[in-house]
Amino acid sequence: MLEDLTAAAASPTAWPAAYPQGYAVVDVETTGLARDDRIISAAVYRLDARGEVEDHWYTVVNPERDPGPVWIHGLTSEMLEGAPLFQDIAAEFAARLEGRVLVAHNAVFDWQMIAREYARARSEAPVRQRLCTIALSKELRLPLPNHKLESLAAHFGVVQRRAHHALDDARVLAEAFRPSLRAAAAGGVRLPLHECRPLTEWSDRPRIGQQASYGGRAPSSWRPSRKRPACPYPNPGRYEPGKRLKQGMRVAFSGDTSTERDLLEDRATEAGLHVATSLSRLTSLLVTNDPDSGTSKTVKARQYGTPVVDEAAFGQLLADVEPASET
C-alpha cells in the first residue's frame with residue numbers, strides 16, 4: 001500500500017474536495033507535561049491546502065516560573081526573563097492559527113497546552129480541528145520503527161538541526177507533513193481530523209503524583225496521576241437513555257471537553273459516580289463530544305454497546321443523580 005501511495009503522490013492527482021484549505025503546523029516547548037505547566041516557546045508554519053509553506057513564526061514566552069528541563073529545550077531563566085508573557089503574544093499566535101487545521105506531532109498534547117494558555121489569558125484559540133501526524137502516519141501505514149518525530153523525519157529524508165527547538169521541530173514536521181498529505185490525497189485516505197474544544201472552565205491544581213518523563217510525549221502522558229477515593233456504592237449497571245444516572249455507575253471520558261477534564265471528573269465523583277480511567281464491559285456510560293473519533297474508548301463502546309452521551313447531556317444528567325439503592 002505504501003509503495004502505491006508514494007508513487008501516486010508523485011504524479012498529478014485530483015485533490016480531495018473534503019480536505020482542509022490550510023494548515024498551521026505547530027510545536028510548543030513547555031516547562032513540563034503536567035496540567036499546570038506553561039509554554040516557553042512556540043512556532044507555527046502556515047501551509048496552504050496542498051502543504052506548501054506560506055510563512056513561519058516563532059517566539060519565546062516568559063512562563064513566570066522555572067523553565068523546567070533546560071537540558072532538553074535549552075531555554076534558561078535568564079533567556080526568558082525579558083520574553084513576552086503569553087497574553088502578549090496571544091493575538092499574534094491566534095492570527096497564525098485562524099481558519100486552519102492545527103497540525104502537530106501528538107497533537108492532543110500541543111492543543112491542550114495551547115488551550116490552557118488561552119484560558120489563562122481569558123481568551124480562546126481560533127482552532128476548530130486538529131490533525132496528529134502520528135495518527136496520519138498510522139493511516140498511511142508508514143514503516144516507522146517508532147512514532148518519534150525523528151523517525152518520521154528520517155523516513156522522508158528531512159534533516160533535523162535542533163531537536164526540541166520549537167522552530168526547527170515545526171519546520172521538520174512541516175516538511176514531513178507535505179509528502180504525507182500528498183500521499184493521503186493520492187490514495188483517497190480520510191484525514192484523521194479531530195474537533196478542538198477551547199476550555200471554558202478550568203483550574204490550575206498542584207501536581208499530584210509523578211508526571212511522565214518529558215521526552216515521552218505519549219498521548220495523555222502530560223496528565224498527572226490522581227488518586228480518587230473508592231466509590232462507596234455498587235455498580236447498578238448501564239445507564240439507560242432517557243432515565244437518570246444512579247450513584248455507583250461507572251463513567252469514562254474520552255476526547256476534548258470545554259470544561260477541563262479534572263473538573264468534570266470531580267463533579268462526577270461528588271455526585272457518587274465511579275470515574276473509570278478505561279472502558280470495559282462494566283462501564284455504565286461513556287462521555288465524549290466526538291463519538292466517531294476512533295479512540296480506544298469509543299471503539300470499545302461500540303463493541304460493547306456502551307451508552308454514549310456528550311458533555312452537555314452529561315452536565316444535565318449530573319444535576320439529578322438517583323441515590324444508590326439501600327442494602
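Modeller: Trp-57 is buried, and Phe-93 is buried as well. Buried means under 20% relative accessible area, exposed means over 50%, and partly exposed lies in between (1.4 Å probe, protein chains only). This is a predicted model, in which local features need pLDDT of at least 70 and side-chain atom pairs count only at pLDDT 80 or more, while totals for chains, interfaces and linings use all residues. Residues are numbered from 1 along each chain as its sequence is written, and side-chain values use heavy atoms, with hydrogens and water left out.

Biologist: How many aromatic pairs does the structure hold?

Modeller: A pair of aromatic rings is described by the distance of the centres and the angle of the planes. Rings of Phe, Tyr and Trp (its six-membered ring) pair if their centres lie within 6.5 Å; planes under 30 degrees apart count as stacked, over 60 as edge-to-face, and the rest as tilted. The structure holds seven such pairs. In one of them, the centres of the Trp-15 and Tyr-19 rings are 6.0 Å apart and the planes meet at 85°, so this pair is edge-to-face.

Biologist: Are Trp-15 and Tyr-19 buried or exposed?

Modeller: Trp-15 has a relative accessible area of 18% and is therefore buried. Tyr-19, at 8%, is buried too.

Biologist: Why is the pair of Trp-57 and Phe-93 classed as it is?

Modeller: Their ring centres are 5.4 Å apart and their planes lie at 35°, so the pair is tilted. It links distant parts of the chain: Trp-57 belongs to strand β3 (residues 53-60) and Phe-93 to helix α4 (residues 86-97), 36 residues apart. Helices (H or I, at least four residues) and strands (E, at least two) are DSSP runs, numbered from the N terminus.

Biologist: In which strand is Tyr-45 found, and what is Tyr-45 in contact with beyond its neighbours in sequence?

Modeller: Tyr-45 is found in strand β2 (residues 39-48) and counts as buried at 10% relative accessibility. Contact means heavy atoms within 4.5 Å. Leaving aside neighbours within four places in sequence, the contacts of Tyr-45 include Tyr-23, Val-53, His-56, Leu-167 and Arg-171. The C-alpha atoms of Tyr-45 and His-56 are separated by 4.3 Å, although the residues are eleven apart along the chain.

Biologist: How many helices and strands does the chain have, and what share of its residues is buried?

Modeller: The chain has eleven helices and ten strands. Of its 327 residues, 51% are buried. Among contacts with a separation of 6 or more, 70% join residues 24 or more positions apart.
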